Amino acid sequence: MSEKHEEDQEFDVGSEDEAAGKGTWKHAAFHVATTIATPAAYAPLPFALASLGWPLGVSSLVTATLATWYSSLLIASLWRWNGKKHVTYRLLADSIFGFWGYWSIAFFQQVASIGNNIAIQIAAGSSLKAVYKHYHKHGTLTLQHFIIFFGAFELFLSQLPDIHSLRWVNGLCTLSTIGFACTTIGVTIYNGKKIDRESISYSLQGSSSAKRFAAFNALGAIAFSFGDAMLPEIQ
């Protein structure tokens with residue numbers, strides 16, 4: 001394990017030297033927006049707000065925003081911790097916490113990566129299938145086919161040498177995210193004008209146990225929706 005650790009350090013330092021000076025603030029904005037402000041991340045937020053109610057829901061969103069902002073500032077300030085550049089979370093954790101910090105971060109990164117990729121594969125496959133069914137209502141392709149298609153595309157992108165190589169892909173994703181947000185806001189306003197406001201109740205529904213379960217589920221969704229956007233790698 002120690003040999004693998006040393007090899008990873010050498011690889012990361014080499015990647016840093018190769019990628020130095022390539023990116024611009026626009027590229028960094030694309031990467032940050034793609035890794036933190038994605039439809040998959042903030043799509044559950046309206047349901048979380050509805051499960052918590054207005055006071056607790058809004059305060060939870062504001063608290064999560066401030067926590068993300070503060071933690072991002074801390075991580076960004078540690079980029080040159082101890083007089084040395086740290087281009088990955090693993091190397092940063094190793095510099096601060098030592099050997100076990102390095103491997104703890106590596107373990108949790110892999111667990112999060114597996115969970116996120118499973119969710120993204122299903123969401124992307126479902127989206128591709130919806131587009132396909134819109135134009136071919138009697139088509140024979142299933143969800144599994146589109147998951148395989150998207151997985152093959154991800155496999156192709158994974159062969160690119162570094163995150164800078166994904167700058168235009170992430171730029172397209174950023175525009176898609178903005179388009180998704182604008183469309184959602186527009187549809188919400190349009191539907192809101194057609195609804196009888198007097199018939200709407202904003203009180204929480206269900207038994208006390210169901211409300212508590214929904215509240216914890218909502219807090220989990222909010223925690224999932226916020227992050228630190230891979231700052232060491234982007235920096």
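This is a predicted model: local features need pLDDT of at least 70, side-chain atom pairs count only at pLDDT 80 or more; totals for chains, interfaces and linings use all residues.
Within helix 5, the residues Gly57, Ser60, Ala64, Thr68, Ser72 and Ile75 are buried. Helix 5 itself covers residues 54-77, a run of 24 residues. From its first C-alpha to its last, helix 5 reaches 34 Å, close to the 34 Å expected at 1.5 Å a residue. The partners of its buried residues come from several parts of the chain: these residues pack against helix 2 (25-36), helix 4 (45-52) and helix 6 (89-97), and also against helix 10 (208-225) and helix 11 (231-234).

Attention now turns to the aromatic rings. Across the whole structure, a search finds seven aromatic pairs. One of these joins Phe107 and Phe108, whose ring centres are 5.4 Å apart; their planes stand at 70 degrees, so the pair is edge-to-face. Phe108 has a relative accessibility of 55%, and because exposed means over 50%, Phe108 counts as exposed.

Another edge-to-face pair is formed by Phe146 and Phe149, with 5.8 Å from centre to centre and 90 degrees between the planes. Both residues belong to helix 8 (residues 143-157), and because they are three residues apart there, about one helical turn separates them.

Notes: Residues are numbered from 1 along each chain as its sequence is written. Side-chain values use heavy atoms; hydrogens and water are left out. Rings of Phe, Tyr and Trp (its six-membered ring) pair if their centres lie within 6.5 Å; planes under 30 degrees apart count as stacked, over 60 as edge-to-face and the rest as tilted. Buried means under 20% relative accessible area, exposed over 50%, partly exposed in between (1.4 Å probe, protein chains only). Helices (H or I, at least four residues) and strands (E, at least two) are DSSP runs, numbered from the N terminus. The expected span of a helix is 1.5 Å times one less than its number of residues. Contact means heavy atoms within 4.5 Å.
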